[in-house]
Amino acid sequence: MSTSEKFWDRLAKRYARSPIKDMQSYNRTMERTKAHLAKGDRVLEAGCGTGSTALLLAGNVAHITASDISGNMIEIARAKAKDPHAGNVNFLKATVFDETFDGRSFDVVLAFNFLHLLEDLPAALRRVNELLTRDGLFISKTLCMAGQGWYWRVLLAIMRSVRLAPHVSFLTIDELEEFVTNEGFEIIETGDYPASPPSRFIVARKRRR
Ligand SMILES: C[S@@+](CC[C@H](N)C(=O)[O-])C[C@H]1O[C@@H](n2cnc3c(N)ncnc32)[C@H](O)[C@@H]1O
């Protein structure tokens, strides 16, 4: 089991109990996400956590595969999905590299509060691109922590060295957007929800080759 998987497994129950800190930003993110979804869409959510967002968006699309590296997160999400309105959501313990995912099989990939946690962001973005259908959309929101104080980096580095924290990238908005465009996407909408520290909302369309 990877450090990241262990970390998120340990955190799952507490994560499920903790309320959304900034409801206004969350609502804005959902509103802008819904504006890009269509009833017929097949959606993959990466890093779905305990599944609340997938369940919220389920009525706007045909199907959601909501995936997460943590089995404990997925277990909690499945318990929530007993709701009869959640029939089109499938929760799966998986990363985007899961071999059961076929290329060009999702119209939309979602990733909220997730990309800064990846050790190899370009490889993940390349894989997302491969999983999307022609003109498919990648909708993400990512904490860009580059402007945060040095003590955060030191603290996280120390915690990581004793396996108490996962990998975290301190990205600028420009770096994040460069990663996205470098892996075959055209950015069609951005926003910051909230603005400080910036949580960058990006809607990116798969570029035709
Ligand atoms: C900060 S939480 C965000 C959860 C949810 N998207 C949200 O916005 O509340 C990050 C989630 O990503 C998952 N995760 C971390 N690394 C992952 C990876 N490589 N592949 C899939 N999931 C991962 C964690 O288990 C955790 O549930």
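Thr3 counts as partly exposed because it has 14 C-beta neighbours inside 10 Å (20 or more other C-beta atoms within 10 Å of a residue's own make it buried, 12 or fewer make it exposed, and anything in between is partly exposed; C-beta atoms are placed from the backbone). The structure is a predicted model, in which local features need pLDDT of at least 70 and side-chain atom pairs count only at pLDDT 80 or more, while totals for chains, interfaces and linings use all residues. Residue numbers start from 1 along each chain, following the sequence as written. With that in hand, let's look around, topic by topic.

**Helix 1 from end to end**

- Thr3 belongs to helix 1, which covers residues 3-17 (helices, H or I with at least four residues, and strands, E with at least two, are DSSP runs numbered from the N terminus).
- The 15 residues of helix 1 should span 21 Å at 1.5 Å a residue, and the end C-alpha atoms are 22 Å apart, which agrees (the expected span is 1.5 Å times one less than the number of residues).
- At Leu11, helix 1 bends by about 50 degrees (the angle between axes fitted to the seven residues ending there and the seven starting there).
- Phe7, Trp8 and Ala12 are the buried residues to look for in helix 1.
- Back at Thr3, the residues in contact include Arg163 and Pro166, once neighbours within four places in sequence are left aside (contact means that the C-beta atoms, placed from the backbone, lie within 7 Å).
- Thr3 also shows how a chain can fold back: Arg160 is 157 residues away in sequence, and 8.8 Å away in space from C-alpha to C-alpha.

**Helix 1 meets helix 4**

- Helix 4 (71-80) is part of what covers the buried residues of helix 1.
- The axes of these two helices, helix 1 and helix 4, come within 7 Å and cross at roughly 30 degrees (axes are lines fitted to C-alpha atoms, for helices over the stretch in contact, with angles from 0 to 180 degrees between N-to-C directions).
- On the helix 1 side the meeting residues are Trp8, Asp9, Ala12 and Ala16, and on the helix 4 side they are Gly71, Asn72, Met73 and Ile76.
- The residues of this contact between helix 1 and helix 4 divide into five nonpolar, two polar and one charged (Ala, Val, Leu, Ile, Met, Phe, Trp, Tyr, Cys and Pro count as nonpolar, Asp, Glu, Lys and Arg as charged, and the others, Gly among them, as polar).

**Around the ligand**

- Trp8 turns up again here: of the 17 residues around the ligand, Trp8, Gly47, Gly49, Ile69 and Ser70 come nearest (a residue is near a molecule or strand if its C-beta atom, placed from the backbone, lies within 6 Å of it).
- The shell around the ligand has nine nonpolar, seven polar and one charged residues.

- Thr33 sits in helix 2, and it counts as buried because it has 22 C-beta neighbours inside 10 Å.
- Leu57 and Ile139 touch Thr33, not counting residues up to four places away in sequence.
- Thr33 and Leu110 are 77 residues apart in sequence and 9.0 Å apart in space, C-alpha to C-alpha.
- Asp41 lies in the loop between helix 2 (23-34) and strand 1 (42-46).
- With 19 other C-beta atoms within 10 Å, Asp41 is partly exposed.
- Leaving aside neighbours within four places in sequence, Asp41 is in contact with Val61, Ala62, Asp107 and Val108.
- Asp41 and Arg153 are 112 residues apart in sequence, and their C-alpha atoms are 39 Å apart in space.

**Backbone details to spot**

- Arg104 has a positive phi of about 55 degrees although it is not a glycine.
- You will find Arg104 in the loop between strand 3 (89-93) and strand 4 (106-112), where it is partly exposed with 13 other C-beta atoms within 10 Å.
- Asp135, another residue other than glycine, has a positive phi near 65 degrees.
- Asp135 is in strand 5 (residues 132-143), and with 10 C-beta neighbours inside 10 Å it counts as exposed.
- The peptide bond from Tyr193 to Pro194 is cis, with omega near 5 degrees.
- Pro194 is in the loop between strand 6 (185-192) and strand 7 (199-206).
- Pro197 is also placed in the loop between strand 6 and strand 7, and a cis peptide bond with omega of about -15 degrees joins Ser196 and Pro197.

Notes:
Contact = placed C-beta atoms within 7 Å.
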